[in-house]
Amino acid sequence: MVASVSTVAYLGLEARAVEVQCNLVPGLPKFMIVGLPDKAVGESRERVRAAMAAIGLAMPPKHIVLNLSPADLPKEGSHFDLPIALALLAAMGVTDAEALADYVVVGELALDGRIASSPGVLLAALHAAGEGKGLICPAAQGAEAAWAGTTGVVAAPDLIGLLNHLKGQQLLGAPEPGEVEAPAFGPDLRQVKGQEVAKRALEIAAAGGHNLLMVGPPGAGKSLLASCLPGILPPLDASEALEVSMVASVSGTLEGGRLTRARPFRSPHHSASMAALTGGGLKVKPGEVSLAHLGVLFLDELPEFQRAVLDSLRQPLEAGVVSVARANAHVTFPARVQLVAAMNPCRCGHLGDPALACARAPKCAADYQAKVSGPLLDRIDLHVEVQPVTAADLVLPPPAEGSAEVAARVAAARAVQAARYADVGARTNAEADGPVLDASATPDEAGRKLLAQAAEAMRMSARGYTRVLRVARTIADLAGAESVGRIHVAEALSYRRQAPRS
């Protein structure tokens, strides 16, 4: 008799259906797993053997063949342990195969029979809900699975408890969804002395989801300004929180089934590799750009990153997704991020101060800034020169306006954008494109004339022209204006980096 159990294989944020088929045939005792398993799946044999021994069951003295169908789909991860064990137990007659037909099963087995956590349970639960099935998962991840809304989630602590539940001898309670954590904000904008231009640019970036680059000497407050950004961004709505949680689930960082409404804020070190930033590795996992989906990716000391690593961000910033190509599969992760970067003007950091600048100025500035490619800089909407903070600024009292006041204006502007783009799938002005952008951001006659003159004088690319329109639309939204005027275009142009002349 062939016993079958349903499970899933993860391909990016997609859960593909996999059927675990077990057959016991006469012959020399052997335990084989076929169907393109990776090393972790192949090692399931020993974990299953030890877990069954822990509950007092011995392997049958037969030729055991486990097939993971479809056989041409790569199978990665330890979550295949539990479905393999249940398929084997069903083939042995220990449990009823028909009782397992209505479930999708995921979970790793410990040697003592406990069912341990494994990444991706939320994705498996959503897949099970779409198939009209229940889910069998580790007890530690029951709260995570409950968010999918599927009926019949069985969160089992160990193999013997699961078998007793399936036989009706020990019923396991249905898990409740995990907590929804309130956003935890960082520093308040009242802590930033001076830097009014940079704070204005930060507000525009938050309101429209625009990319921002701050250039200034050490100690000017660039990192502090970036850390204030989460405090002025609106919280995630329900659908956005689910998207972010799916990425966290497949990466194994969704703890206790807790969802959060805080937008992700990721700040990788400049030694990060390309796989760490964009995703990949031996077992394809989402990188920092995907872990920051619908949030902020902050890159401090931008030129210190490897140039190839930075250039790998160009496609995700433009398309909102990152595609990791492998010989046997292409994996796609979401990457709709807001890039915020900071850098010194040169290696010594004091280009504008003759008393502190090094002897190589200004050549050192050109060499240092050339580490960041022009195409990447062209994808950054707002370029801000952050000036040194003077002693006069430091002795002033804190600003009257803090993060709460700025956040209110940002929320109002985002609400206008949500209503404007409700029918086209965009969330912010930074995502608007084509006819949608033309309909909403075309400036008046004076604004068009100014933009045309500036585009020629600043040698703007078509991408740069479009990004100026998006920023101008955001500035108009913050001002409560129905249409984009000359004053909005002028302010947007002031944040645009001029292309260098040859």
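Trainee: Among contacts in the protein chain between residues at least 6 apart in sequence, what percentage joins residues at least 24 apart?
Mentor: This is a predicted model, in which local features need pLDDT of at least 70 and side-chain atom pairs count only at pLDDT 80 or more, whereas totals for chains, interfaces and linings use all residues. Residues are numbered from 1 along each chain as its sequence is written, and side-chain values use heavy atoms, with hydrogens and water left out. A contact means heavy atoms within 4.5 Å. For contacts in the protein chain between residues at least 6 apart in sequence, the percentage joining residues at least 24 apart is 74%.

Trainee: What percentage of the residues of the protein chain counts as buried?
Mentor: A residue is buried under 20% relative accessible area, exposed over 50% and partly exposed in between, with a 1.4 Å probe and protein chains only. Of the 502 residues of the protein chain, the buried percentage is 51%.

Trainee: How many helices and strands does the protein chain have?
Mentor: Helices (H or I, at least four residues) and strands (E, at least two) are DSSP runs, numbered from the N terminus. The C-alpha atoms of the chain fill a box of roughly 85 × 50 × 45 Å along the principal axes. The count for this chain is 22 helices and 18 strands.

Trainee: How many of the eight residues of helix H7 are buried?
Mentor: H7 spans residues 159-166 and is mostly covered. Its buried residues include Leu159, Leu162 and His165. Among the elements that cover them are helix H2 (44-54), helix H3 (81-92) and strand S8 (134-138). Of the eight residues of H7, the number buried is seven.

Trainee: Which residue caps the N-terminal end of H7?
Mentor: After its other end, H7 is followed by Gly168, whose phi is positive, near 80°. At the N-terminal end, a side-chain oxygen of the capping residue lies 2.7 Å from the backbone nitrogen of Gly161. That capping residue is Asp158.

Trainee: How are H3 and H7 set relative to each other?
Mentor: Leu82, Leu86 and Leu89 in H3 meet Leu159, Leu162 and Leu163 in H7. The axes, which are lines fitted to C-alpha atoms, for helices over the stretch in contact, lie 12 Å apart at an angle of about 50°; such angles run from 0 to 180 degrees between N-to-C directions. Under 35 degrees counts as roughly parallel, over 145 as roughly antiparallel, 65 to 115 as roughly perpendicular and the rest as oblique. H3 and H7 are therefore oblique.

Trainee: Are H20 and H22 roughly parallel or roughly antiparallel?
Mentor: Residues of H20 including Leu450 and Leu451 meet residues of H22 including Val489 and Leu493. H20 and helix H22 (residues 486-494) pack with their axes 8 Å apart, at an angle of about 25°. That angle makes the two helices roughly parallel.

Trainee: Which strands are at the edges of the five-stranded open sheet?
Mentor: The order of the five strands is S13-S14-S17-S11-S18, with parallel pairing; two strands pair if DSSP finds at least two bridges between them. Within this sheet, four bridges join S14 (residues 296-299) to S17 (residues 338-343), and Val296 stands opposite Gln338. The edge strands each pair on one side only, and they are S13 (265-266) and S18 (382-385).

Trainee: Is Leu36 buried or partly exposed?
Mentor: Leu36 lies in the loop between strand S3 (30-34) and helix H1 (39-42). Although Leu36 is not a glycine, its phi is positive, about 60°. With a relative accessible area of 44%, Leu36 is partly exposed.

Trainee: What is the relative accessible area of Arg459?
Mentor: Arg459 is found in the loop between helix H20 (445-457) and helix H21 (462-479). Arg459 has a positive phi of about 55° without being a glycine. Arg459 is partly exposed, and its relative accessible area is 41%.

Methods:
Polar contact = N/O pair within 3.5 Å; in protein donor to acceptor, adjacent residues only side chain to side chain.
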